[in-house]
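Trainee: Please take a close look at one part of this model, the metal site. Then place it beside a few other parts of the chain.

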Amino acid sequence: MGKYSEITHFSHPQHKLRFEYIEVPFHCDGCKEVGIGSRYKCDYCDFDLHLHCALPSPSINHPFYTKCSFQFLPHPPGVIPRYCNACGKDVAGFVYHCKLCGFDMHPCCANLPRVLDDGKVKLLLYKKVDAPCHRCGRKGKSWSYRSECKKYNLHVSCVRDMLVDSWHNLGKESVGSSRKLETRIPSLKGTLANHHQGKGRVMRCCEMAALAVQFIISAVLGDPTTAIAGVIGSLMSR
Ligand SMILES: [Zn+2]
Ligand SMILES: [Zn+2]
Ligand SMILES: [Zn+2]
Ligand SMILES: [Zn+2]
Ligand SMILES: [Zn+2]
């Protein structure tokens, strides 16, 4: 995906959108999901887009659905509610849709890396995992990232919840205050720590995977770069 400093986008034709890198979460006005890191924003309006939403491909294929061809659509087709086959959450805006099967994927979900590697631990993306998720304790339901040892599993949907929860807990006072957004993100750390108490031998591996969770978060939020993973990591350990 090429990056441009300025683009014109069909969903906001009145103004140009400018590339910006911001280390606080934002709401994408394309897919309606949360984002962090790289975005395209309007300088005049409260309007932001993920990179994947700003520069979509007209059609894509996905290795998990080899028979499908997904078309990019600005709105979910047909009867709502529809849900994303990757994360299980509602699809309310931009979507990749397969006409034949009716499958849907959020643009960021469609672009999730198959492998996240921080140098110490490798996390692989699975369509289905038959072990409980470290956050919600349930199986299935959503794609998951799984450590190579297969002992650490995290739903893609739960990863996003982790950030969105902390964000919503801020309440209305937080509008326009990036400072306060940052200070609430450390609650992620507690979420993870609780799962790793008294697990004996599993702990080491899980701890390693937990340390890589910032890479999962940054990927799910549409910016799987080392830079933004580092930001999330430092916020979590503050
Ligand atoms: Zn988006
Ligand atoms: Zn505007
Ligand atoms: Zn299909
Ligand atoms: Zn999704
Ligand atoms: Zn889960």
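**The zinc site and its surroundings**

Mentor: Along the chain, the donors of the zinc ion (ligand 3) are spaced as C-x29-C-x2-C. Bear in mind that this is a predicted model. The zinc ion (ligand 3) is coordinated by the SG atoms of Cys68, Cys98 and Cys101, at 2.1 Å. Cys68 and Cys101 link distant parts of the chain, 33 residues apart. Cys68 lies in strand E6 (residues 65-73). Cys101 lies in the loop between strand E9 (95-98) and strand E10 (104-105).

Cys68 has 5% relative accessibility, so Cys68 counts as buried, being under 20%. Cys101 has a relative accessible area of 41%. That value falls between 20% and 50%, so Cys101 is partly exposed.

Next, a helix. Helix H7 (residues 213-220) is mostly covered, with eight of its eight residues buried. The buried residues of H7 include Phe215, Ile216 and Ile217. Gln214 and Ser218 are also buried there. Just after H7 comes Gly222, with a positive phi of about 95°.

Last, a sheet. Four strands form an open sheet in the order E1-E2-E3-E4, and their pairing is antiparallel. Strand E1 (6-7) and strand E4 (48-50) are the edge strands, and each pairs on one side only. E1 and strand E2 (residues 17-27) run antiparallel and are joined by two bridges. Glu6 stands opposite Arg18 in E2.

Terms used: Residues are numbered from 1 along each chain as its sequence is written. Chains are lettered from A and ligands numbered from 1 in the order in which they are written. This is a predicted model: local features need pLDDT of at least 70, side-chain atom pairs count only at pLDDT 80 or more; totals for chains, interfaces and linings use all residues. Side-chain values use heavy atoms; hydrogens and water are left out. Donors are N, O and S atoms within 2.8 Å of the metal (3.2 Å for Na, K and Ca); water is not among the atoms, so sites may look incomplete. Buried means under 20% relative accessible area, exposed over 50%, partly exposed in between (1.4 Å probe, protein chains only). Two strands pair if DSSP finds at least two bridges between them.
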